[in-house]
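Trainee: I would like to go through this entry with you. Could we begin with the display?

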Amino acid sequence: MSQGLSITDATTTAAVPVLQIDDLHVEIRQAGRVTPILRGVKLSVSAGRIHALVGESGGGKSMVAKAATGLLPESAVTTRGRIVLAGQDVTRWDEPRWRTLRGRTVSMVLQDPLTALNPVRRIGAQMADVLRLHQGLRGAAADAENLRLLDQVQVRDPAQVLRQYPHQLSGGMRQRVVIAMAWACRPQLIICDEPTTALDVTVQKQVLRLIHRLAGEGQGVLMVTHDLGVVAKLCHSLSVIHGGRILESGSVSDVFAQPQHAYTRALLAATPRFDRPGHTLVPVDDALIAQLDDETRAYDRQQGVAA
Amino acid sequence: MAERTDIRLWQRLLRNPRVVIGGLVCLLMLVLAVGAPWIAPADPQAQDLIASFESPALFGSAADAEPDAPRYWLGTDNLGRDVASRMVYGTRIALLVAVIAATLTALVGTLLGALAGFYGGKVDALISRLVDVWMSFPPVLLAIVLVSVIGTGLWSVIAAIVIVDWTRFCRVVRAETQAQKALDYVTSARMLGLSPLRILASEIFPNVAPLLITLITLEMGVAIVVEAILSFVGLSLASGTSTWGGMIGEGRLYVNQAPWLMVLPMLAMMTAVLGLNALGDGLRRELDPVLQR
């Protein structure tokens, strides 16, 4: 595939959303208890763009990522809303149908590269699975493609790496392998679930640069993160999530310049800013969180869900 | 290239004392079992009533007085049968039971355990309750009842061991499968579009395999002991056949007069079980790439 072709792809399809989530409500039903997890989430990721989903732990970030890949736990029920992935309404798809999309149309880079690879299988064998499954490549053809993929994610000495086991690689190398596997079949949407949280700062930078470069080839990327520094450097647009509700969405430049929601302002105030050296860090106010929680409960009551 | 790493694995295995000792014990058993007709100094059933209760010649004995009389290295029993030969042939039965019973037990238990652990829900509930009920029977009693119902013989003994002991594999494999299933690499594999069976076979199974190797070798030890117990109570093979358990059972009657009749087969059994356990433990440590680090 020539470089020129992928660039035109990126520009012509830029407006088309590869992932569109509308008014998504998900609740966990377990042991007779109903717990709302997502409360009307709305977001969209366009081809060739990196969209960030920002929020603190427990805010529903990972649940959105799971919903968009059909990996919600069995106790989770989608009560309202819809998910459109690459033009198909996948809201209530079952496992076998999801399997036809995963790896091919959507794929995910998990947070911790230490556990995301099978410890007892060689890197080459694990990478070959994806190629065989989705592209029918075997033997020498698969080996060649593996080498090309590893080369693309800037793994040094790829031939050697293919023969190694995950524990013989560093964290950064492993994350590169995971990224290579996610990118192997050029899926239209790639979800990165805090891809740099488990890495050293210097390695973080390299991996982010890599994701940026790969995203430039026309895929949509949903970047789940709590690091606003990453968002500022890497992403085009963002959604702020708290308590399973999207509080604010917009382009990164707009939101960073003029945050509309108090929570977004608080998050920004709590993030180091190198562009404003005099900026002092302010922890997120407890009263604000309490107020947000009240709003969430009020929302639940309004929806008729017993809190 | 693959050969180079294989050689490294072999070298590593040969440096591990457990693997070496256990391996030697197993090799010795294998040689004795396969070569029994050539190795055994006498026919294990041949009776020499004049030379009954001959004490082991290894320790120096009455045989010195008569240089022409056949020497019984490990002595003779009440019917004048050569103990050494009977033990060699006993090894054959012990190893046969150990290998076949452990393999079948592992097959049944692993299959059910993996299904229960991987699919969870109703499948798991059904299999786990079955295991609970199964394990509430005393195992040896269950084996004895089974053999008395289905009749004695080599295959009955093996069937009894499988029927009694599959739960051991089932429980361990189920727990391990559950633990592995929760790990990110399984999510990752699902995320790449692999089917459940494929994930179970090529992702989870290799991670459970080192554990299985340990369990199988332990199970071989258990099978040897269970076979001995069944022989001891006379429920294994026809009493003519030489088995360690049978020898212990018969030797018990003459323990004051000829202690070697009971002690020697017991030693053989202990060596076999200890060797198998050492081998299993050593292999597990060497084969697990995570422990290897």
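Trainee: Is helix 10 of chain B mostly covered or mostly open, and how many of its residues are buried?

Mentor: Helix 10 of chain B, residues 244-252, is mostly covered, with eight of its nine residues buried. A residue is buried if 20 or more other C-beta atoms, placed from the backbone, lie within 10 Å of its own, exposed if 12 or fewer, and partly exposed in between. The model is predicted: local features need pLDDT of at least 70 and side-chain atom pairs count only at pLDDT 80 or more, while totals for chains, interfaces and linings use all residues. Residues are numbered from 1 along each chain as its sequence is written, and chains are lettered from A and ligands numbered from 1 in the order in which they are written.

Trainee: What do those buried residues pack against?

Mentor: They pack against helix 4 (83-119), helix 9 and helix 11 of chain B. Contact requires C-beta atoms, placed from the backbone, within 7 Å. Helices are DSSP runs of H or I with at least four residues, strands are runs of E with at least two, and both are numbered from the N terminus. Among the buried residues of helix 10 are Trp244(B), Met247(B) and Glu250(B).

Trainee: Where does Met266(B) lie?

Mentor: Met266(B) belongs to helix 11 of chain B, residues 260-287. Its C-alpha atom is 7.4 Å from that of Trp244(B), a residue 22 positions away along the chain. Met266(B) counts as partly exposed, because it has 15 C-beta neighbours inside 10 Å.

Trainee: Turning to helix 9 of chain B, where does it bend?

Mentor: Helix 9 of chain B bends by about 55° at Phe205(B), and Pro206(B) follows within four residues. The bend is the angle between axes fitted to the seven residues ending at a position and the seven starting there. Gly234(B), with a positive phi near 75°, follows the helix.

Methods: Two residues are in contact if their C-beta atoms, placed from the backbone, lie within 7 Å.
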